[in-house]
Amino acid sequence: MSRTNRGREVWVTGLNKGLRKIEVALKWDPSPTGEPPNDLDIVAATYPAADPFGEPAYLVHFDSRSPDGTINLNRDSRTGQGFGVDESMTLELDRLSSEYSRVVVGVAIQQGAGRKTFGEVANTSVRIAEGYTELIESDLTGVSGATAATVAVFTRDDAGEWGMQSAIRGFDVDPGEFTRLMGKDYS
C-alpha cells in the first residue's frame with residue numbers, strides 16, 4: 001500500500017443541525033479510441049460506532065445500496081461516456097442508524113485492463129455537496145499517481161450530528177485492497 005497524498009483536512013457541518021443528505025458526483029472522460037475503457041467507481045464504507053477504524057459493517061459500490069437504503073449508488077458508469085456526472089451516490093446521514101458513527105467515501109479505478117492512475121484519466125473530478133452547498137470539489141491531481149483515493153470522512157459526534165473532513169488520500173492498490181484499507185486510521 002502506498003499513500004501518495006494526505007490532502008487537506010477540513011471539518012464541515014451544517015448550520016446547527018449537522019450534515020443530513022449528501023450527494024457525491026464523479027465524472028471523467030472516456031478512454032481514447034482503441035484503448036480499454038476508464039472505469040472509476042465511488043465507494044462508501046460504513047463503520048460501527050463500537051469499532052470506527054476496524055472492518056466496515058458494509059460497503060456500497062457497483063450499482064448497489066446500503067441494507068437500510070440510506071446510502072445509494074444512483075448512477076454507475078463503466079466508461080465515462082455521456083454528459084455531466086458519470087456516477088453519483090446519495091448518503092442520507094440523518095437516517096443512518098446510531099449503530100454507525102463513521103462513513104468513508106472514496107474513488108477506485110478498476111484495474112482489469114492493466115494499472116491505471118488518476119493522472120492517466122482525463123478530466124476526473126469529484127464533487128460533494130449538501131443541497132446547493134458545495135463541501136468538496138477536487139480534480140484529484142494531488143493523487144495523480146494513485147489508483148484509488150479516499151475523498152471524505154463523515155463522522156457522528158456525541159450529540160448525534162454528522163460532520164465531514166476532506167480526506168483526499170491516495171493509494172496504489174487494486175479496488176479490493178482499497179476497501180480493506182480506506183477506513184484505517186492514518187493520523
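Student: How many salt bridges does a search of the whole structure find?
Tutor: This is a predicted model: local features need pLDDT of at least 70, side-chain atom pairs count only at pLDDT 80 or more, and totals for chains, interfaces and linings use all residues. Residues are numbered from 1 along each chain as its sequence is written, and side-chain values use heavy atoms, with hydrogens and water left out. A salt bridge needs a side-chain nitrogen of Lys or Arg within 4 Å of a carboxyl oxygen of Asp or Glu. Searching the whole structure gives 5.

Student: Lys-184 forms a salt bridge with which residue?
Tutor: The closest N and O atoms of this pair are 3.6 Å apart. Lys-184 is partly exposed at 27% relative accessible area (buried is under 20%, exposed over 50%, partly exposed in between; 1.4 Å probe, protein chains only). The partner is Glu-55.

Student: How far apart are the closest N and O atoms of Arg-115 and Asp-172?
Tutor: These two residues form a salt bridge. Asp-172 is partly exposed, at 32% relative accessibility. The closest N and O atoms are separated by 2.8 Å.

Student: How many aromatic pairs are there?
Tutor: Rings of Phe, Tyr and Trp (its six-membered ring) pair if their centres lie within 6.5 Å; planes under 30 degrees apart are stacked, over 60 edge-to-face, the rest tilted. The count is 2.

Student: Are Tyr-58 and Tyr-100 stacked or edge-to-face?
Tutor: Their ring centres lie 5.6 Å apart. Both residues are buried. The planes meet at 85 degrees, so the pair is edge-to-face.
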